[in-house]
Amino acid sequence: MRSIFISNSVSFLLGVCSMKFLIRYSILLLLYILPFSLYSNEQLSAICISCHSSQQSSYIPNINGQPEQYLKRALLNFRANIVPNTMMTRIANRLSNEDISWLSKYFSSKSISFSFDREINDHPGLDIYNQKCAACHQLSSAGIPILTGLPKEYLGDAIDLFKQGRRIMPASMGYYISNMSEQETKLVIDYLSGFKVVPNGN
Amino acid sequence: MAINNNKRTFIKALLSMPLIGGGLYFGLKFSRPKIVVVGGGCAGLEFIESIIDKIDVDITLIEEKPAYHSCFMSNAALVEMKEHPKIKFDYQTFIKRAGIRFIQDKALSIDSNTKRIICASGEYVEYDYLITAPGIGFIYDNVEGVSENNTLSYPHGWKGEQSFLALKDKLQQLPDGQPFIIIAPDKIYKCPPGPYERAGLVADYLRHHKPNSYVLILDSKSSFTKQDAFVEGWKKHYQFGTQNSLIKYLSKEAGGQVTRIKGNKVFAKAGTFESECINFIPRQRAGDFALNNGLTNASGWCPINFDTMASTLLPNTYVLGDAAIAGDMPKSAFSAANQARICANAVVAEITKTTLKPSVYHNVCYSLIAPNYGISISAAYKRDYDDPWIRLIPEQTGITPLQSEPWIYRAESRQALDTFNRIIASKFNK
């Protein structure tokens, strides 16, 4: 479909431009064709989505719609073996800088929303989230990950790693995390993992 | 005049190009390429999902069974591990969602002259491109006393529901004190870590249900995949290597090669073992459909073009998944799905007459050793044009490191489930 559209449009452009114009528009043409003829990044993303889905999962986090800077940082950290996670360390090992940039951009551009099947406003975790997490984690554009809808065990392990100082975090986050009781942590995780990620049809 | 002529040509060109393009589009739309997929396993279904996203084609799936029975996660289902996923799925939801034609029939033969597939019912289907994912078949030639006729007495549990249920029944009926004997095949076979994952999960089951029984692995090989990680896990969970071990392992060198099975007795080089539950996993080859239609070579597997997955033996025919000789890639669901997507790209490039972009070859495979304890391998492969093979890249490949922290093994057991849901179960979701 796409290629028919391209060949159609290209031939249309060619028809419009006589040889004189062709040279003039050659750069434009090149730009038009280029994104479709480079190395197939789509296949790289297929490796990711063989495990990362936007459907409910028991551990593997949703990466769709996460901020580009966050995804990029995460992949770079996995590759540099800074974040302990054996599978992702091994997969990131095969990615070039260009691959990482492209994948981060690709998955961040996916649009998602969230749904929940229970009365989330009554959830005791909501208040704790609003007081201690939301100020930064609602600002997804700043390269801070969206926590909503992440799996329970994944969040639990991540928080443990933060507490042990083995995942890098800003000082403010260190403050909030170290001042959160076990019960509070549990409630926040329960609240966040109660959401379902819903892809917006792209 | 000259200017006018130019103008006229210009306007003509302006008007005609979209018309030609449009005509081309509608022409293609009404004579959509006919793609027939034989075999509704992971590879066949992934191919269909992948290609319908890219191009408008007419797809027919031919599959003998009304439901898919997964090999992935079947060891967890065999021992009814807590929270084990459902492994049997009806094709109907997939068919409806993908909007394809489904023929529940046994594909028998390929007529490559008339481009037809002839089914057991006598019906035939025409194709422009034939995608085959025929899976595996078994060879019963190296162990005396077992054949296709009595395979259910020594169920492999390696393919299909019938054998799986027979094995499950034998496990549950196993008298306490007798070993659960796994006879592991020599390379090359489907799911290389499968026998060893089964050993761990069955050992866990025996501990709870038959405390005097143990698992005995009789192997025709000298070593197996992820062996160090498996052995480490077995030591942690099943006292492997001690007198009380719940798993006993005899490699080829230790006399694990089996020569004969008679009744409840297994005759191996190391001695004779007795059990009412003998899990004999035979040597393997490509499925019958591949064998009967000239898709296999002397190795019993199907040679393919590594860039497109096209058969090197039959025109307009592609081979995906377990049946194919895919270089260093193992016979796993993840590999099959990877190959299916590569093939979909190749078929699209062929139909649209565009250049095929280089492919990404990757495999990920999780194995459970006990409930909440998993290990994994991630492997990268490359295609070099002067090297006729899909070659493993060792420096970009790795197994769960030994002596990892406990949370990592737990996390990997969860990731195994997620990956199963992603590449198998989600295909059958509404």
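Which residue in S2(B) does Val37(B) stand opposite? In this predicted model, local features need pLDDT of at least 70 and side-chain atom pairs count only at pLDDT 80 or more, whereas totals for chains, interfaces and linings use all residues. Residues are numbered from 1 along each chain as its sequence is written, while chains are lettered from A and ligands numbered from 1 in the order in which they are written.

Val37(B) stands opposite Leu61(B) in S2(B), and its bridge partner in S9(B) is Ile131(B). Helices (H or I, at least four residues) and strands (E, at least two) are DSSP runs, numbered from the N terminus, and two strands pair if DSSP finds at least two bridges between them. Strand S1 (residues 34-38) of chain B pairs in the parallel sense with S2(B) over 5 bridges and with strand S9 (residues 129-132) of chain B over 4 bridges; in S9(B), Tyr129(B) is the bridge partner of Ile35(B).

These pairings belong to an open sheet of 5 strands in chain B, with the order S5-S2-S1-S9-S20 and parallel pairing. Strand S5 (101-104) and strand S20 (317-319) of chain B each have a single partner strand and stand at the edges, so one side of each is left without a neighbour in the sheet.

As for burial, 4 of the 5 residues of S1(B) are buried, so this strand is largely enclosed by the rest of the structure; a residue is buried if 20 or more other C-beta atoms, placed from the backbone, lie within 10 Å of its own. From S1(B) the chain crosses through H2(B) to S2(B) in a right-handed β-α-β crossover (with the strands pointing away from the viewer, the path from the first strand over the helix to the second runs clockwise).

Key
Buried ≥ 20, exposed ≤ 12 C-beta atoms within 10 Å, placed from the backbone.
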